[in-house]
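Please read these notes with the structure open beside them. They go through the chains one topic at a time.

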Amino acid sequence: MKTEKLKGKDLINVGIFSAIYFVIIMAIAMLGYIPIMMPLLCVIGPVLCGIPFMLFMTKVKKFGMILIMSIIMGIMMMLTGMGWYALVVGAVSGLIAELIYRGGKYASSKLAIVSYGVFSTWMWGNFLPLFFNPDGYFSTRQSFGQEYIESLTNLMPMWMCPTLLVTCFVFGVVGGLLGKALLKKHFKKAGIA
Amino acid sequence: MIEIQNASFRYANSDSGVLDEITLHIKGGECVLLCGKSGCGKTTFTRLINGLIPHYYEGEMSGNVTVSGLDVTKTELYETARLVGSVFQNPRSQFFCVDTTSEIAFGCENLGLPVSEVESRIQKSANELDMVELLGRNIFKLSGGEKQKVACASVSAVQPEVFVLDEPTSNLDIDAIEDLKRTLLLWKSQGKTIIIAEHRLYWLKEICDRVIYMDKGKISFDISMCDFTAFSDEKIRSLGLRTLCSDHLRIAAKIPVAETMELQNYHFSYQQKDALCIDSLALPVGGVIAVIGHNGAGKSTFSRCLCGLEKKFKGKVSFDGVQYTRKTMLKKCYMVMQDVNHQLFCESVEDEVCLGMDEDNEKDVSGILSGLGLAELSERHPMSLSGGQKQRVAIASAILAGKEILIFDEPTSGLDFEHMEQTARLLSSFAGRKTLFVITHDPELIVRCCTHILHLEEGTVLEQYPLTNENKARFTGFFKV
Amino acid sequence: MRGSFLQVSTEHRGLVFDPRTKLLLLITMSTFVLGGIAGEKLSFLLPCFCVLPFVLLLTARKYKTAALYFILYTGSYLLNLLATPHLTGFPAFLVLGCAGILTRFMPSMMLAVYVVSSMTVSEFTAAMQRLHLSEKIIIPMSVMFRFFPTVADEFSSINAAMKMRGIAFGGKNAGKMLEYRLIPLMTCTVKIGDELSAAALTRGLGGTVKRTNVCKIGFHAQDVIAILFCAGCFGFLILDVAGVL
């Protein structure tokens, strides 16, 4: 595989899989309406999305496709009011994921799984503002009393920050394995992978 | 205008649609019909002209293709796009934008034309195609015919010299075909070159001047339309082609049906708009009922209600003295969808047909599979089968699930004569045993297998009659054939 | 329209902002409210931000959504205020956690609802083009917006098929539900995608010339006010960080 420029077909593929991926993310995010469930999104999201993503990986042959999808997810998060944090994280994680998969010349399925794990960490970006500068935020809420501030810090204690990052990655790998298995079971036989 | 020399092509992952040493010359302003059985290579041929082969579809290619001096095989697709415009089979999948105006602008935007020019071209093609009222609309809310019109306008706005159409009427009803015919006549009057690959032939008699019949990747004959229309009915049929005119429709003998089922209170509305409004309706049990009507007549709402798919639907069906509600109808009915891919879930044909099966039917599995010619395929993945095979898998699963009413949504869209006849035989084999509803725009299918006609218009029953030779005029009147 | 993300037609719109202004508002909002960057000295900005989505929803004539936002936000704010002195332990954790996260995320989410419900796909694409984003991002995004309704359509067809086959949640099929839904969904969508690629390429997508865009967007008086507001907020922030305030 020589590195070529991305063509129309590749860009359309990125678009289609972004659509499937985002629809699934949004369906899961409905769970997030119950705020306590939010951390669970880092588990269910990467696992379920592994299925379309591994199919996407079979179409990725040129540099940039994973990175673009990652950036698109970031932009979409901005449009859904989750801020620009996922965009920043996604740009970095997408690039790393891209480089990992490219390391195997876009053909190694093991690297595809690892790459997907890394890709999944963009979701972690959505949680960043919760850890981001909590002092500044809580200082504006002094009126609520110390108890309130403690409750909130207990809900999202600092150690959760790296934990969520690792969770995203680990369950991304799980999702990758699941996607890989289904790929073998269905899409290879059906001739679309 | 178009010069093809010794062109051969073979797809990288498929054996059908091969082209074998095609040499052809098409003059500017000519209008050429490509016909032949499925898999004869006519779609492949159109792809040769618009450059999708070899630039999009992979495979082995040899020979030369030039369109007004431009070597298509060596030119990038976006260059060819200025010269050749394409309209495809499926109106659902060929648009890029979500609103009609952007869609018509799309081709011109890709060429980088200045905004004022693009705007005037949008107006011009909308006027010419008589679709100004469709501007600024949501494409997803348009009917298939309207979508195809937008596709034509979009291609027209680029103002190419050559138009290539690949089975453009597969998913269209009669009125939409009339519209498309007007569009083609307009292009023809502008002196454009038109190449059209089609199964349905009757509407092209006044449009095309030249007919090319292909067989197994070769050109069998290349004659004028005059000579072609002189062909006898038998000759057309032996070539595996669809009929050219209505006199050739012969109604097959039918099994008489005695029992009836009664549909009551078939009322349904979407967003305060009445989509279906039938108080009561008696239908023959064991009949093969063709459901006809224009787009928006309520055919699909009717079938969804019959199947029990609409949650808010209150209508009932009674036969044999028993009344069935929505939920029980859901157990009795099965719809074979236009896109069968929606209803195949498992990893092998056998698993597929056994899923959701009535347990009493377990021993019948192999019998039913072989009855439908699926016995050798039982280990295959359903998605890897051909369209007709998939359809039969869906039918097998419905029979094993003990369904008594089968509904077919456009079972022959895009099928050639041979496959259409196969489907017709399959459907008539159920007559008397199951009650079949066939939603279709295909008069040739109806005369071959249907016993009754149910004509819906604006959500109500316009007429309902058994299909006999006496009633033939009513039926052909609707199809204008 | 079910399943679409941005809007398609421009009917029933009130005050129109340029899409770029809307994006700037989103960024400002998520920086100050969601990110909680506004420190003690800038706390006077917070109420402005909380009222902003409400006002904008009103200008876009989304009265129901505006009312919903008002009720939810004041509700959780009051809950915080009134329940805090009386609760301890796990209930406090639960109530305050929910209410706390809600008050923090709601303004930003509702602003997003406003943006998404008042912007068309072509406006968004035009805005991205004017912001000089690469075609390599704009094209996939256009395809994605076009595919949302398709994915929803396909999904509802598959659901109907499953109902007719009697495959439902529960029973021995429970584990397979997802597989049965996702696999046909992906097969069908990819097939449509292949056809779309072919159609788009024959209409010149991917050329070397710079694409034009017929969608008209531009800044008006209301945009200037909004941009000045955002600039003001960031100005205060810089002053605060620099220690001037």
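The numbered points below cover confidence, chain B, its domains, one of its helices, and then chain A.

1. Confidence of the whole. The model is predicted, and it scores ipTM 0.89 and pTM 0.90. These two scores should be kept in view when reading the points on contacts between parts.

2. Confidence in chain C. The mean pLDDT of chain C is 83, and 87% of its residues score at least 70. Among the elements of chain C, the lowest mean pLDDT, 79, belongs to helix 4 (residues 89-117), while the highest, 91, belongs to helix 6 (residues 135-164). Where pLDDT is low, predicted coordinates should not be read in detail.

3. Make-up of chain B. Chain B contains 17 helices and 20 strands. Its radius of gyration is 24 Å, close to the 23 Å that the globule rule gives for 481 residues, so chain B is as compact as a globular protein of that length. Along the principal axes, the C-alpha atoms of chain B fill a box of roughly 75 × 50 × 45 Å.

4. Burial and contacts in chain B. Of the 481 residues in chain B, 49% are buried. Taking contacts in chain B between residues at least 6 apart in sequence, 70% join residues at least 24 apart.

5. Domains of chain B. Chain B is divided into domain 1, covering 2-246, and domain 2, covering 260-479. Their C-alpha centres lie 32 Å apart. How many residues does each domain of chain B bring to the contact? Domain 1 gives 19 residues and domain 2 gives 13 residues. On the domain 1 side, helix 6 (144-157) and helix 7 (174-189) of chain B each supply at least two residues. By class, the residues on that side of domain 1 are two nonpolar, 11 polar and six charged.

6. The record for chain B. An unreviewed UniProt entry places the feature "domain: ABC transporter" at residues 2-241 and 261-481 of chain B. Over residues 2-241 of chain B, the model has 35% helix and 25% strand. The end C-alpha atoms of that stretch are 26 Å apart.

7. Helix 4 of chain B. Is helix 4 (residues 100-111) of chain B mostly covered or mostly open? It is mostly covered, with 12 of its 12 residues buried. Among them are the charged-group names Glu103(B) and Glu109(B), along with Ile104(B), Phe106(B) and Leu111(B). The buried residues of helix 4 pack against helix 3 (77-80), helix 5 (115-128) and helix 6 of chain B, together with helix 5 (121-130) of chain C. Just after helix 4 of chain B, Gly112(B) takes a positive phi of about 75°.

8. Where chain B meets chain A. Five residues of chain B are in contact with six residues of chain A. The chain B side of this contact has two nonpolar, two polar and one charged residues.

9. Chain A. What does the secondary structure of chain A come to? Chain A has nine helices and zero strands, and its pattern along the sequence reads α-α-α-α-α-α-α-α-α. Of the 193 residues of chain A, 56% count as buried. For contacts in chain A between residues at least 6 apart in sequence, 76% join residues at least 24 apart.

Technical notes: Residues numbered from 1 in each chain as written. Chains lettered and ligands numbered in written order. Predicted model: local features only at pLDDT ≥ 70, side-chain atom pairs only at ≥ 80, totals over all residues. Helix = DSSP H or I, 4+ residues; strand = E, 2+ residues; numbered from the N terminus. Rg over C-alpha atoms; globule rule 2.2 N^0.38 Å. Buried ≥ 20, exposed ≤ 12 C-beta atoms within 10 Å, placed from the backbone. Contact = placed C-beta atoms within 7 Å. pLDDT = per-residue confidence, 0-100. Domains from an automatic or database assignment. UniProt positions renumbered as here; feature names shortened; annotations may be inferred.
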